[in-house]
Amino acid sequence: MTTPPRIIKTVLLENAQTLEIWDLSRKISEDAYVVRMKAQMEIQIKKNLFEKISLSDFKFQDILNTLGDRVIYTYHAERNFILTPEKDGVLDGLIAAFLENLGPYISTPGFPGKFILKEYQNRIR
């Protein structure tokens, strides 16, 4: 039986963005799981996110036309064949590692604007 995906943590970051952490784990045998964690942040594309980046109104409008009014940052981590008694501890470890290693970076004020520009560059290639 597969457990439905669920949000297990919501974090308001220092850059005023909201990070959702999801448990996407699924049972693969009677006593084992694939433990999956997803971190997701929906970023509304607003001109003020580019204050430290020189961006013309024309370029901003092109970004909106290309990406729409929002982009989604997503990160996944997974561990395979985790025994049932260890599942919650492994999931907690994946979340802790993500927040410790990437949390400070995605919380910076410049991250949303840089991520939007990266998505824009990837889309126009």
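Visitor: Which residues line the largest cavity?

Guide: In this predicted model, the lining of the largest cavity consists of Thr3, Pro4, Arg6, Asp23, Ser25 and Lys87.

Visitor: What makes these residues lining residues?

Guide: A lining residue has an atom within 4 Å of a cavity point, and Thr3, Pro4, Arg6, Asp23, Ser25 and Lys87 are those that line the largest cavity. By class, the lining comprises 3 charged, 2 polar and 1 nonpolar residues.

Visitor: How many cavities of 30 Å³ or more are counted, and what space lies in the largest?

Guide: The count comes to 1 cavity of 30 Å³ or more. The largest cavity holds about 30 Å³ of space.

Visitor: Why is Gln17 called buried?

Guide: Buried means under 20% relative accessible area. Gln17 has a relative accessible area of 10%, and is therefore buried. Gln17 is placed in the loop between strand S1 (6-12) and strand S2 (18-23).

Visitor: Which residues is Gln17 in contact with, leaving aside its neighbours within four places in sequence?

Guide: With those neighbours left aside, Gln17 is in contact with Val11, Leu12, Met41, Glu42, Ile43, Leu49 and Pro112. Contact here means heavy atoms within 4.5 Å.

Visitor: Which residues of helix H1 are buried, and how do you know that they are on the same side?

Guide: In H1 (residues 57-67), the buried residues are Phe60, Ile63 and Leu67. They cover an arc of only 55 degrees around the axis, and therefore lie on the same side of H1. On the other side of H1, Asp57, Phe58 and Asn65 are exposed. Strand S5 (70-83) and helix H4 (111-124) are among what covers the buried residues of H1. Just after H1, Gly68 takes a positive phi of about 90 degrees.

Visitor: What makes a set of residues a nonpolar core, and which residues have the most contacts inside the largest one?

Guide: The residues must be buried, belong to the listed nonpolar types, and be joined through side-chain atoms within 4.5 Å. The largest such core has 31 residues, and those with the most contacts inside it are Leu19, Met37, Met41, Ile43, Ile45, Ile106 and Ile116. At least two residues of this core come from each of S2, strand S4 (32-44), H1, S5, helix H2 (87-101) and H4. S4 gives the most, with 6 residues.

Visitor: Which residues is Met37 in contact with, leaving aside its neighbours within four places in sequence?

Guide: With those neighbours left aside, Met37 is in contact with Ile21, Trp22, Tyr75, His76, Ala77, Leu91, Leu94, Ile95 and Phe98.

Technical notes: Residues numbered from 1 in each chain as written. Predicted model: local features only at pLDDT ≥ 70, side-chain atom pairs only at ≥ 80, totals over all residues. Heavy atoms only, no water. 1 Å grid on protein atoms, 1.4 Å probe; cavity = no way out; pocket = protein on both sides within 12 Å on 5 of 7 lines; lining within 4 Å. Points joined across faces, edges and corners; volume = space filled by probe spheres on them. Nonpolar A, V, L, I, M, F, W, Y, C, P; charged D, E, K, R; others polar. Buried < 20%, exposed > 50% of the residue type's maximum accessible area, 1.4 Å probe, protein only. Helix = DSSP H or I, 4+ residues; strand = E, 2+ residues; numbered from the N terminus. Arc of directions from axis to C-beta.
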